[in-house]
Amino acid sequence: VKTYRIASIPADGIGPEVIAAGLQALEALARRDGGFTFDVTEFDWGSERYKKTGALMPANGRDEIKDFDAIFFGAVGAPDVPDHVTLWGLRLPICQGFDQYANVRPTKILPGITSPLAGVGPGDLDWVIVRENSEGEYSGNGGRTHQGMPEEVGTEVSIFTRTGVTRIMRYAFELARSRPRKLLTVVTKSNAQRFGMVMWDEIAAEVAKDFPDVTWDKMLVDAMTVRMVKDPKSLDTIVATNLHADILSDLAGALAGSLGVAPTGNIDPERRYPSMFEPIHGSAFDITGKGIANPVATFWTASQMLDHLGESNASERLMRAVEKVCADGILTPDVGGKATTQEVTEAVCEAIRGENI
Ligand code: NAD
Ligand code: MN
């Protein structure tokens, strides 16, 4: 029996609620499968720790988790701590420190869930967005001079490297190749941004030569938002920069019914460090403590985590269980239902235990 060591970081708001749900589902899967177990260590990193100690995570935090098989992350952000402090104090140090350069965001309309797009149902929207997760607009470069004065200048410098762009492009082409339609859309803004973005286009064309079986096209990010809404069926695998894909994937989550169903994996494809799996949504202060957070995004990212660990049977079983429960109409309020987090979680665990899942 294999034991996977999981570092869980529930952090803020609804993070602990959805991570608890995810761990229940993982436990049910381990029991059902019999071939593996989980050894979960929880870390109390987040905004409460920041308010007490001045740091969201310990200075040597990454060392504490570097030997785990995977990281299971909730959400970070508190009403009384600036968002740039929480983001740069916890999520980004882990993503960037462990060089999790591929942020993988599958999106599809689950059965029983209604898309805000009229006439678009399951099967009409089935995408994977690959977000460059290590550089670009979130390189942390820039500064402010003359702060607070009329002549103040603020810069936010995007950095794109040939190494960084080539590796994410190869990852995206490989992923597109592994999917039935073998279709990739490369998103940039190379009409207005003439340097890094034109380099993206050129590298895409170079990498494409190694993937003659993949059909690919280019889109400008603004036109891409229109295509996602008007012609979702024409898209399959999508690759974009850190900022562009951040925005496009929130849109994708909304088009698939709710941010509460959208998962993401922060992957180190070279497996030098643990990868990190999390729902896309934030800490959702407006519903914290009400017991109605949608756990589906967290189940889905747990499925991504199982796949990454090599447990593809359990990964697929979890998604079949989630799809069954959604199809049965056991849904939280954000997707039009009346069920609580715990009711959805129990239904998913029950489905996992069932005969024909
Ligand atoms: P949010 O994702 O927390 O919430 C946006 C809306 O979606 C809210 O109305 C919320 O109730 C709803 N929602 C989100 N997840 C849901 C779920 N699982 N079930 C049901 N409804 C859900 O985004 P926000 O309000 O812009 O940000 C709140 C805080 O979260 C901020 O501090 C922000 O910085 C942080 N944040 C963190 C992450 C992260 O940790 N990766 C991502 C986004 C935002
Ligand atoms: Mn985001």
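This is a predicted model: local features need pLDDT of at least 70, side-chain atom pairs count only at pLDDT 80 or more; totals for chains, interfaces and linings use all residues.
Residues are numbered from 1 along each chain as its sequence is written, while chains are lettered from A and ligands numbered from 1 in the order in which they are written.

View 1. The contact takes 7 residues from domain 1 and 9 residues from domain 2; two residues are in contact if their C-beta atoms, placed from the backbone, lie within 7 Å. On the side of domain 1 that touches domain 2 there are 4 nonpolar, 2 polar and 1 charged residues. Here Ala, Val, Leu, Ile, Met, Phe, Trp, Tyr, Cys and Pro count as nonpolar, Asp, Glu, Lys and Arg as charged, and the others, Gly among them, as polar.

**View 2. The shell around ligand 1.** The ligand is surrounded by 21 residues, a residue being near if its C-beta atom, placed from the backbone, lies within 6 Å. The closest are Gly-77, Gly-260, His-281, Gly-282 and Asn-294. By class, the shell has 9 nonpolar, 7 polar and 5 charged residues.

**View 3. The largest nonpolar core.** This core has 101 residues. A nonpolar core is a set of buried Ala, Val, Leu, Ile, Met, Phe, Trp, Tyr and Cys residues joined through C-beta atoms within 7 Å. A residue is buried if 20 or more other C-beta atoms lie within 10 Å of its own, exposed if 12 or fewer, and partly exposed in between, with C-beta atoms placed from the backbone. The residues with the most contacts inside the core are Ala-25, Ile-71, Val-239, Leu-318, Val-322 and Val-348. Helix α1 (residues 15-33) gives the most to this core, with 9 residues. Helices (H or I, at least four residues) and strands (E, at least two) are DSSP runs, numbered from the N terminus. The core draws at least three residues from each of domain 1 and domain 2. Not counting residues up to four places away in sequence, Ala-25 touches Phe-299, Ala-302, Leu-318, Thr-345, Val-348, Cys-349 and Ile-352. In soluble globular proteins, nonpolar side chains tend to be buried together.

**View 4. Strand β11 and its partners β4 and β12.** In β11 (residues 263-267), 5 of 5 residues are buried. Both faces are covered, with Pro-263, Gly-265 and Ile-267 on one side and Thr-264 and Asn-266 on the other. Strand β4 (residues 102-108) pairs with β11 in the antiparallel sense over 3 bridges; pairing requires that DSSP finds at least two bridges between two strands. Val-104 stands opposite Gly-265 in β11. Strand β12 (residues 275-279) also runs antiparallel to β11, joined to it by 4 bridges. One of the residue pairs here is Asn-266 with its bridge partner Met-276 in β12.

View 5. Most residues other than glycine have a negative phi. Ala-284 is found in the loop between β12 and α9 (296-309) and counts as buried, with 23 C-beta neighbours inside 10 Å.

**View 6. Asn-133 in the loop between β5 (126-132) and β6 (136-145).** Asn-133 is buried, with 28 other C-beta atoms within 10 Å. Not counting residues up to four places away in sequence, Asn-133 touches Cys-95, Gln-100, Tyr-101, Ala-102, Asn-103, Asn-242 and Asn-266. Leu-92, 41 residues from Asn-133 in sequence, is 9.2 Å from Asn-133 in space, C-alpha to C-alpha.

**View 7. Glu-270 in the loop between β11 and β12.** Glu-270 counts as exposed because 9 C-beta neighbours lie inside 10 Å. The C-alpha atoms of Glu-270 and Ala-327 are separated by 37 Å.

Terms used. Domain bounds come from an automatic or database domain assignment.
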